[in-house]
Amino acid sequence: MLESSTGAIPLQAYLLLASILFCIGVWGLINSRNAVRVLMSIELMLNAVNINLMAFSSYLDGDLIRGQVFTVFVITVAAAEAAVGLAILLSLYRNRVTVDMESFNLLRW
């Protein structure tokens with residue numbers, strides 16, 4: 001169990017933190033026109049999922065490390081997503097000289 005100096009931190013505290021991070025990520029994903037902010041919002045959402053996985057693993061699994069394994073997998077996927085996303089953004093910036101999402105119409109006929 002996760003311990004602090006005053007005792008155990010309740011599971012609800014971790015779930016509240018993760019839900020706040022996830023909502024901030026969704027809000028940033030919906031309201032942002034900047035492509036870099038969109039990538040950062042996706043990373044926030046993935047980190048909220050990681051907090052949930054670690055909290056549930058600590059409180060429910062006991063000695064098993066299934067949540068930690070899934071968390072490492074999500075971190076790996078997030079790193080790959082960030083690398084590919086930034087490479088695509090650099091390529092688009094070189095061609096369009098902007099990172100505004102509304103000006104990316106390369107796939108339109």
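Guide: Let us begin with a single residue. Asn-50 is found in helix H2, where helices (H or I, at least four residues) and strands (E, at least two) are DSSP runs numbered from the N terminus. This is a predicted model, so local features need pLDDT of at least 70 and side-chain atom pairs count only at pLDDT 80 or more, while totals for chains, interfaces and linings use all residues. Residues are numbered from 1 along each chain as its sequence is written, and side-chain values use heavy atoms, with hydrogens and water left out.

Visitor: Is Asn-50 buried or exposed?

Guide: Buried means under 20% relative accessible area, exposed means over 50%, and partly exposed lies in between (1.4 Å probe, protein chains only). Asn-50 counts as buried because its relative accessibility is 7%.

Visitor: Which residues does Asn-50 touch?

Guide: Contact means heavy atoms within 4.5 Å. With residues up to four places away in sequence not counted, Asn-50 touches Thr-71, Val-74 and Ile-75.

Visitor: How do the elements of the protein run from the N terminus on?

Guide: The order is β-β-α-α-α, which comprises three helices and two strands. Of the 109 residues, 22% count as buried. Among the contacts with a separation of 6 or more, 55% are accounted for by residues 24 or more positions apart.

Visitor: Which residues form the largest nonpolar core?

Guide: A nonpolar core is a set of buried Ala, Val, Leu, Ile, Met, Phe, Trp, Tyr and Cys residues joined through side-chain atoms within 4.5 Å. The largest one here has five residues: Ala-35, Leu-39, Leu-89, Leu-92 and Phe-104. Helix H2 (35-61) and helix H3 (66-96) are the elements that give two or more residues to this core. Leaving aside neighbours within four places in sequence, Leu-89 is in contact with Ala-35, Val-36, Leu-39 and Phe-104.

Visitor: How is an aromatic pair to be read?

Guide: A pair of aromatic rings is described by the distance of the centres and the angle of the planes. Rings of Phe, Tyr and Trp (its six-membered ring) pair if their centres lie within 6.5 Å; planes under 30 degrees apart count as stacked, over 60 as edge-to-face and the rest as tilted. By this rule there is one aromatic pair. The rings of Tyr-14 and Tyr-59 have centres 6.4 Å apart and planes at 55°, so this pair is tilted. Because Tyr-14 lies in helix H1 and Tyr-59 in helix H2, the pair ties together parts that are 45 residues apart in sequence. Tyr-14 counts as buried, at 18% relative accessibility.

Visitor: And how is a salt bridge to be read?

Guide: Side chains of opposite charge can pair when their charged atoms come close. The rule asks for a side-chain nitrogen of Lys or Arg within 4 Å of a carboxyl oxygen of Asp or Glu, and the count comes to one salt bridge. The side chains of Asp-61 and Arg-66 meet in it (3.5 Å, N to O). Asp-61 counts as partly exposed, at 23% relative accessibility.

Visitor: Which residues form a nonpolar patch on the surface?

Guide: Patches are made of residues with over 30% relative accessible area and no salt bridge; like charges are joined within 9 Å, and nonpolar side chains (Val, Leu, Ile, Met, Phe, Trp, Tyr) within 5 Å. Leu-16, Ile-20 and Ile-24 form such a patch, with about 280 Å² of accessible area together. Areas come from the Shrake-Rupley method with a 1.4 Å probe, and for residues only the protein chains shown count as cover. Leu-16 is exposed, with a relative accessible area of 52%, whereas Ile-24 is partly exposed, at 43%. Ile-24 is found in helix H1 (residues 11-31), and Leu-16 lies in helix H1.
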